[in-house]
Structures are given as structure tokens and as C-alpha cells.
Amino acid sequence: MLSLKGVTKKYGDFCAVDKLDFDAPAGQIVGLIGPNGAGKSTTIRMIMNILECDEGEILLDGKKFTADDSNIIGYLPEERGLYKKQKVVDVLVYLAELKGCTKQDALPKIDYWLKRFDLMEWKDKKIDSLSKGMAQKIQFVSTIIHDPQILFLDEPFSGLDPVSADELLSIMNELKQSGRILLFSTHVMEQAEKICDQIIMLNHGKKILDGSMQKIRAQYGKNTITIDYSGDASSISDLPVVESVQHSGHTCSVVLKNGSSVDELFTSLTPLITQGKFSLRSIKVDEPSLHSIFVKLAGHDYEEKKEGV
Amino acid sequence: MKSKTLVILKHEFKKIAATKTFVVTTILGPFLLAAMMFLPALTSVDSTDRSGESINMGMYVSNPDNAYVKANADALQSVFAQMGWNMHVDTNLEPIHQKAMNGDLEGYVSIESDKVSYYSENTGDIYVTSVIENVVSEIQIAQRLTERGLDVQEVKSLMTPYKLPIFKISAESGEATESDGMTDYLVALLVPMCFAMMIYMSVLLYGQMIGRSVVTEKTSKIVDVLLSSVKPSQLMIGKIFGVGLAGLLQYGIWILFAAVGLQIAVIGFDFVIPVQLSIINFVYLGIFFILGYLLFASCYAAMGSASEDEQHMAQLSTPFILFLIAPIILMTGMIQNPNSLMSTIFSLFPLTSPMSMLAIATTGQAPLWKILLSIGLLIAAIILVIHLASKIFKTGILMTGKNFKFKEILRWL
């Protein structure tokens, strides 16, 4: 298990990461999400030992995680880069050697992974003759060639075709099952929702969300309910448990007041139905998407940035 | 962890030494250098000496009966004939002037009863004008001497200048052998100049190579991957020594070339090896190359890490290039006057000493303690600069999005 305890990084007066705590257990995919400038890159760089933290500590299985442990981490940065003028195999051997592998050990593994991504014929080609997606796959291969215990993948799916994306996903699942620690970062919330066992959300250098998707949904999903009806349901807005109602045709979206439960709403709806004002067709508690939670938590910061892009 | 530095070293070495450019420059380098030194000398001699060329030279003779005109015309014609130049003599000025204008004639000598002058489109040809001037002034002098009743031949022989015999004392045997002072002077100047130029070129070349390699890794974002595997200092040291090793290999090959070339010259052409090309001087060349390289390579690595792109790096490294150029400009003065204050400062100050001290040491005029002091100061400077450079490197390599000024970078120390 990788644990961050009170990790803080300051650039002058600006606090990029502020007393960050989280655990990334083995055999799980942990998603690190947050708007641009939330402190993700700085956090990653501290875990990768590229930056030192000003305060706090990073522990692996209870022991301090240092630069000497660099051989057990694999890192796929968001901005990719490989030596353009060199052959695929030479670059992979070099990066593996930097992780403490010998050339003899690395070569069969390189063959294995190139085969899996259907890239064997490119082994002796120069990097700059590869397409963007291919280079991306080569870079992913370079992050796992030394069989790392901790893997950080920053936007690993961007630029990949669906077949390669599926292959990558199945590799990630294999690694997860074999007990690796996988950290994953993305801006595509649907991806994070689908892939991650645990989500950690940062904003302004602070953790604002931490937990499994189930737990997060349970936390943020209770107060919106969609009701399909026939008849006149305008009186719903008068109920004491209801904060607001939005009607569209014979469907209305009900937002409950804080502290009110679905059960309470149901109990207060029953008299209205027995009075014959409307009849209920269906009632559904909304599962909020990670996207909507993200927007809600990151607030207008995120919306502004999105418009800026 | 040590071995990772070695991995980087090996990678950087291969990246340079396994390229065609490296092979070509290594093999052609000595020939290019030789060509650069000797071609201008050869061509400049050839281009001024125009005897034997078929030059069409005109001559306007205003009054062939005049004794002064006749004497000059005869003398010039015989000299031109010796040169193999074609003569076009005319007593009319107009046609000959026209021909010179059209380019049919190189130019023409106008001989009037009181003066001789030369007309040409190309008045910059010193060779032609000086030939004419010599002939005319000899006639003038002869005329004046005759007017005073002196014998021309006698005066000439009386005026023969004295040739000073020069003897060189050998430092080993004390024997004195007659020598040509001019050749010695040239060799004494040429060898140190050559050595200093080699240092200049290779330090600049390899220094910039390091800077570029750092900038490329930074801009292509490989650096994040590298730094997740190694420490910044390992990356920097690995680079400096990897590229340096490639440089040493190149030097080794060049020195081998030189040794073989000299041996061939000695055996085949009875060439006497100048004292400046001694083994100890080649050792100095090696030492000062290594030290100079380490010093400037560290500076370049630091500047590269702080740069946004190659242009920015060139800007940041300008101050260092000035320290490389200054000794080249002042080299002749330092070689001729190795004990002057300027020579002492330049040969001890680490940023200028690799070239300056090497040049002075090569002439054999620097005391051993001074050479050792210079080397000692250089080593101390290298240790300090590597330490500072790795601090800049560590910060700079992760800084993007801004063209930092030199002053801002110094604040990272």
C-alpha cells in the first residue's frame, strides 16, 4: 500500500499541494482527478521522487519511499516524449536499464509486449517513423517493462484507437489482479467511473473527495429523484421535504432538502396520490455521474477553465 | 545507483559516437584543419604572383624618341616578356584606352616624357603595379646616379644589406645549429595556435551538444520519465562524461593521425619535427582539453536545463563563449610575451586558462609551477561549477513556460 501522509509542496507563497493524505492499496486502481492546476502533477512528481515534498511523507507498506525505490515505479507522464531519432528497441532497452534491468532481461520482455500491441514489425524502426498512437503504446510498454510494483498512468487512453484501448484496459486489469498499485489520472470522467476502484479528487491542492464510486454515489446521489406521473403534480413543490422541482412534460426532477430522505418523500407523496391529484408511473433515485459531482465540487473553477479551452 | 550514471554515460556516448557525423568529422577533421591552415597560405601566394599568366598588357608610348621614354619602355618590355605577358604597344592613347575599357587589356602603362603611370579597371592588383613600380624606380635611381657621375653597378654592390645568421641552442645538448628565424617564428606561433583552436572548437562543439541534448530532453518531456528513474545529478554527470568520452575518443584518433602523419613526414621527407610537437605538449593538450571541456560542459548543462529552446540556450551561453573567444584574439600577444600581466591572468583564470595556458606551455616558456597552478585552479573551479550547475540543473529541468534571464537563474543557487 502506498500512503501519503500530510504531503505538502509550496512554490514560494503558492501552495500547490496542501496536507494531502490518501492510501492507494495494492490490487486496486486509484483514480486521481481534479481540474487543471489542482496539484495532480505536483503530487505525481512527488510520488515519483522528481520533487521533494516540503512536509509530510510518502510511505510504501509503512516504509519511507525514497529515490532508491525508483526501480519499482513505472510512470507514464501526460506529455509523452521519446528519443525521436532512435530505434524503438534501443529506447526501450535504455529506459529499462535506467530502471535497473539488464539488456538480456529486458529484450524478451520487450518482444512480449510489442507482440501484445502488435508492434513487432516496428521494433527496429526509428521512433519518429511511428504514428502518435503507436508511440503512445511504445511509451506505455516502457513504463511496464521492468515489472514495476507501482504504476502511474496519466491519461493513458488519449490518442488510442478502440482496439488498443481495450488491450490497455485488459493489461491494467491483469496488473491489478496481480496485486500492483495502479494510480490513474484522467479528465474523462466516464473513464474514471468505469475503471477506478477508488477516486481521489483534488482541488486547489486539497483533497475534496476520497472513496469508492459506490460510496461517492451514496454520498452525493441521494437528494435528486426523478418522478414520472400522469395528472397534476404541481403540489409536489409544496411538500416540506422538497427543496426544488423541475417539471418537463410528465416528468419532474425533485431535489430534496438537506437531511431529508427518499423515504420521507415517499411517505409525503402517498396522501397526494390517494387524493387523486396524480398517479405515479415510476420513481427513481438518481445516481449522479462522476462528471456532475466533479462539476459540483470543482465548481465554477472547472467550468471557467473548460470554457477557456 | 552508481551504475545508472554509467547507463546514461553509455547511452550518451553511443548517441554521439555511433552517428555518421561523428565518424566523418573524426576522419575528415584533421584534413579540414590542415586545409584551413595551409590553403589560405598557398592560395594567397598563388593569387598574388601572376608571372607566367597570359596577361594582355598595354603600353602607350607618347614619344618613342625621348630617351627617358625609351629607357622605361625598353626595361618594362623586357620584364613583361620575362613574365610571359602579352604586349600591345601603341603610340595613340585612344585605341589602347578603349581596349582597357572593354576588358581586352588588363591595363596599360602610359609612358610620357616626364612620368610613367598605370591605368586599369583593376587597380587593386598589387603584384602588377609593384612590378611596374620597381622597374621604373630602378631606372629613375640609375638615372640620378649617372647624373652625379656614379657607377650604378658599384653603388648596388655597396648597398647590399647584411644577413644576420641565426643559431638555435638545443635545450638538451646545448648544441647550436643555424636556423631560419622566420620558419621558427611561424612554427612557434602555429603549433600553440593550432592547439588552442582545437580546444576552442571541441569545447564549443561538445559543450553545445550537451546543452542541446538537455534542451531536447526537456522540451520533448522525456525528462519526467528519466527523473522518475534517476537523480538529476546522475543525469547531468552521465551526460557530461558520456559526451566527454566521445570527445576523448575523437581526440585520441586525431592524435594518432598526427603521430602517423609526422612519422611519415620524418621518414619520407626528412621532416624535422618542431620542438613544439613534443610528447609532453600532447599530454598538455589532452589535460587542458579534458579540464576545459568539463568546465564548459557543466556550464552548458546548467544553461540547457534552464532554457526553453535552443535559441534561448544560445542566448544564455553567450557570456561563456566570450571567455572562449577572448584568448583566441589575444593569443599572438600571449605567445610572444608569456610573462606579461595579461598572459599570467589569462593563463590562471579558469574560464580562459585551458586555451591560454596550453598555448603558453606549448611554447615551452611557462615554468612548471605555473602550469601546475593553472591546472589546480581549473580543477577547483570544475568542482565548484559542477556543484553549482547541478543545483541549477535540478531546478531548471522542471521549469517550463518562461524564458529565464541569466540573473534569475543565478537566484536558483
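Student: What makes helix H1 of chain A count as lying across strands?
Tutor: This is a predicted model, by the way. Contact needs C-beta atoms within 7 Å, and helix H1 (residues 40–47) of chain A lies across S3, S7, S8 and S9 of chain A. H1(A) runs at about 155° to S7(A).

Student: Which strands does helix H4 of chain A lie across?
Tutor: H4 (residues 132–144) of chain A lies across S6 and S7 of chain A, at about 165° to S6(A).

Student: How do you know that S7 and S8 of chain A pair?
Tutor: Pairing takes at least two bridges. Five bridges join S7 (residues 150–154) to S8 (residues 181–185) of chain A, so by that cut-off they pair. The two strands run parallel, and A:Leu151 has A:Leu182 as its bridge partner in S8(A).

Student: Why are S6 and S10 of chain A called edge strands?
Tutor: The open sheet of six strands in chain A has the order S6-S7-S8-S3-S9-S10, with mixed pairing. S6 (73–76) and S10 (206–211) of chain A each pair on one side only. From one strand to the next, the twist averages 15°.

Student: What makes the β-α-β unit in chain B right-handed?
Tutor: With the strands pointing away from you, the path from the first strand over the helix to the second must run clockwise. The unit of S1(B), helix H3 (residues 67–83) of chain B and S2(B) is right-handed, so its path runs that way. S1 (residues 56–61) and S2 (residues 86–90) of chain B run parallel, joined by five bridges. B:Met57 has B:Met87 as its bridge partner in S2(B).

How values were computed
Residues numbered from 1 in each chain as written. Chains lettered and ligands numbered in written order. Predicted model: local features only at pLDDT ≥ 70, side-chain atom pairs only at ≥ 80, totals over all residues. Helix = DSSP H or I, 4+ residues; strand = E, 2+ residues; numbered from the N terminus. Axes fitted to C-alpha atoms, helices over the stretch in contact; angles between N-to-C directions. Contact = placed C-beta atoms within 7 Å.
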